[in-house]
Amino acid sequence: MTEQSPALDNLLTENRTFPPSDEFAAQANAKADWYDKADADREAFWAEQAERLHWDTKWTKVLDWSDAPYAKWFVGGKLNVAYNCVDRHVESGHGDQVAIHWIGEPGDSRDITYAQLKDEVSRAANALISLGVGSGDRVAIQLPMIPEAIVAMLACARLGALHSVVFGGFSPTALRSRVDDAEAKVVITSDGQYRRGKAAPMKTNVDEALDGAPSVEKVIVVRRTGEEVPMQDGRDVWWHELVDSQPAEHTPEAFDSEHPLFILYTSGTTGKPKGILHTSGGYLTQTAYTHHVVFDHKPGEDVYWCTADIGWVTGHSYIVYGPLANRATQVVYEGTPNTPHEGRHWEIIQNHKVSIYYTAPTLIRTFMKWGEDIPAKYDLSSLRVLGSVGEPINPEAWIWYREHIGAGRTPVVDTWWQTETGSIMISPLPGVTSTKPGSAQRPLPGISAKVVDDTATEVGKGGGGYLVLDKPWPSMLRGIWGDDERFRDTYWSRFADQGYYFAGDGAKYDNDGDIWLLGRVDDVMNVSGHRISTTEVESALVSHPTVAEAAVVGASDPTTGQGIVAFVILRGSAAEGGDEAVQELRNHVAKEIGPIAKPRQIMVVPELPKTRSGKIMRRLLRDVAENRQIGDVTTLADSSVMELISSGLQSGK
Ligand code: WTA
């Protein structure tokens with residue numbers, strides 16, 4: 001940990017607010033009276049928001065919560081999600097509007113209009129039909145950030161098939177467990193992907209993952225990097241051979257509002273990832289509504305850019321579904337922010353006149369490290385709204401973002417939500433809210449959230465506790481794929497009597513009653529905005545033959561929010577292996593889960609601190625990882641263990 005400067009301390013007790021300018025407020029999509037309006041009649045408010053979409057059959061009831069915690073929204077309504085995101089914009093005369101300014105990492109680019117997107121999605125839907133994919137089937141997608149990724153997702157949605165997108169950085173083992181859990185029939189991938197200026201293989205990893213996978217019938221391969229890849233006879237087919245020859249006409253079918261749309265796996269507190277299930281009508285209503293009000297998006301005027309990857313929920317909700325439902329023109333960038341230089345994002349903003357930019361605190365802190373002189377070289381005057389998501393944003397990063405990217409002028413919206421919530425839940429509204437650096441502030445109109453203590457009592461102003469969502473919302477998860485018990489246990493058992501959804505985050509109210517998020521209260525780490533469970537990394541470590549035991553903690557990290565620190569007990573002579581053994585273990589974790597889960601540090605220790613009942617005391621390990629005075633050790637079974645660990649580390653063992 002770096003020492004904090006006095007200036008930084010000032011920011012941590014930051015209490016400045018930034019009221020919206022009169023000009024912004026006058027043109028804002030969001031209105032201040034929506035909070036009261038929504039409180040007065042929540043269902044009427046959401047019904048009004050659902051009118052943003054085209055429904056083939058209108059719903060008969062807004063919400064059915066009788067089977068809680070499984071909600072039904074817009075009961076009886078029917079719609080096609082892909083039609084809403086694509087066709088209807090063409091039909092309303094906007095076919096020539098650019099939907100996607102796609103920019104490849106090596107410098108190639110493609111502009112895709114809504115009319116072209118409609119043709120591509122229709123061809124891809126016809127291609128999937130030709131492979132036997134239909135409503136309710138699962139299609140796994142592991143692709144880089146190329147247009148085909150978005151097309152593939154929408155093609156599934158069009159057919160009522162569920163996509164399960166797996167982040168391109170996940171290992172073959174991680175991909176396989178997701179493919180098996182969802183019993184995916186088709187997998188869509190690419191030959192390779194560009195990463196930091198180099199072509200890296202993708203298809204060969206997928207081949208390794210799918211070896212003997214019982215559910216998979218076909219693999220569709222997009223040509224991206226052009227490298228030679230083996231194609232398995234009867235199973236593998238090239239996207240360009242299969243899709244390009246299909247007719248561009250496909251009539252979308254209207255599906256029930258509660259028809260499943262996708263599964264997206266996320267880390268929980270056990271080793272096995274959870275397949276979060278989202279459905280159609282409520283999900284699309286809330287993603288479209290939040291994209292409209294939180295980013296103040298104006299179709300046909302704004303150029304929007306969300307820097308997430310479609311492998312995460314932010315990419316699903318704020319690259320694919322929300323923006324396209326709202327007829328956005330957006331930038332989609334394939335690569336890393338420092339390829340070929342550290343001004344890449346600012347150059348893209350300048351060239352495309354990006355007006356809304358949505359990114360993660362970890363990246364903002366990286367930009368800070370690279371220096372403010374880099375963005376200063378570019379014309380960023382087109383920007384008018386800046387967003388942040390993924391982890392708490394520290395006030396100094398917030399201020400830097402507003403000053404150096406937003407010219408001290410743009411509203412910054414700090415948006416709190418989760419894979420499970422489907423869309424933004426807590427955020428300032430630009431043009432309405434006086435923003436506060438570091439606070440997500442207030443649930444959106446239509447959303448209800450509280451900070452409560454252990455007994456489910458709401459804490460007062462200035463108090464801290466757990467964040468709960470006390471009323472159902474349209475884009476809430478509809479379960480964990482194939483695991484009803486885990487769904488109930490994880491989210492609904494902690495405050496079962498009250499029927500509150502337990503988010504797993506700590507939070508506090510300030511003296512104005514605004515909410516500040518404080519990070520996870522469970523064993524989930526947040527590394528560069530990615531959720532990784534401590535148990536997942538621990539099981540990867542103990543699967544290595546040299547490891548006898550492992551404990552993993554998230555230690556605070558100035559750039560990535562948290563960094564993964566592992567403590568391992570090695571077997572016999574392996575303990576003498578030194579740096580090489582440690583390096584091997586880091587690589588092993590990358591291979592088992594993916595490079596994002598590679599521990600920042602692995603410490604070889606003789607013992608782990610455990611309670612008498614055998615539970616590892618991570619709190620104490622976190623003290624070690626963060627170089628702090630070690631806390632209370634009285635509940636340890638053997639209180640000398642911490643000394644043993646500390647002295648071992650000091651002597652460099
Ligand atoms: C954290 C990403 C503070 C939080 C959309 C949550 C945040 C987890 C914020 C969900 C924020 C996300 N302020 N913390 N603005 N946004 N988080 O599922 O701990 O990848 O529970 O969804 O990220 O991560 P997930």
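Biologist: Hi! What should I know about the model before we start?
Modeller: It is predicted, so local features need pLDDT of at least 70 and side-chain atom pairs 80 or more, while totals for chains, interfaces and linings use all residues. Residues are numbered from 1 along each chain as its sequence is written, and side-chain values use heavy atoms, without hydrogens and water.

Biologist: How far is the polar side-chain atom of Asp-505 from a ligand oxygen?
Modeller: That distance is 2.7 Å. For Thr-419, a polar side-chain atom lies 2.5 Å from a ligand oxygen.

Biologist: And how much of the ligand does the protein bury?
Modeller: The protein buries 97% of the 520 Å² that the ligand exposes when taken alone. Those areas come from the Shrake-Rupley method with a 1.4 Å probe.

Biologist: New topic! Which residues does UniProt list for "binding site"?
Modeller: The unreviewed entry lists Arg-195, Arg-196, Gly-197, Lys-198, Thr-314, Asn-338 and Ser-528. The farthest two C-alpha atoms are 25.3 Å apart, so these residues do not all gather at one spot. Such annotations may be inferred rather than shown by experiment.

Biologist: Is Thr-314 buried or exposed?
Modeller: Thr-314 is buried, at 11% relative accessible area; buried means under 20%, exposed over 50%, and partly exposed in between (1.4 Å probe, protein chains only).

Biologist: What about Arg-196?
Modeller: Arg-196 is exposed, at 56%.

Conventions. A polar contact is a pair of N or O atoms within 3.5 Å; within protein, one must be able to donate a hydrogen and the other to accept it, and residues adjacent in sequence count only if both atoms are side-chain atoms.
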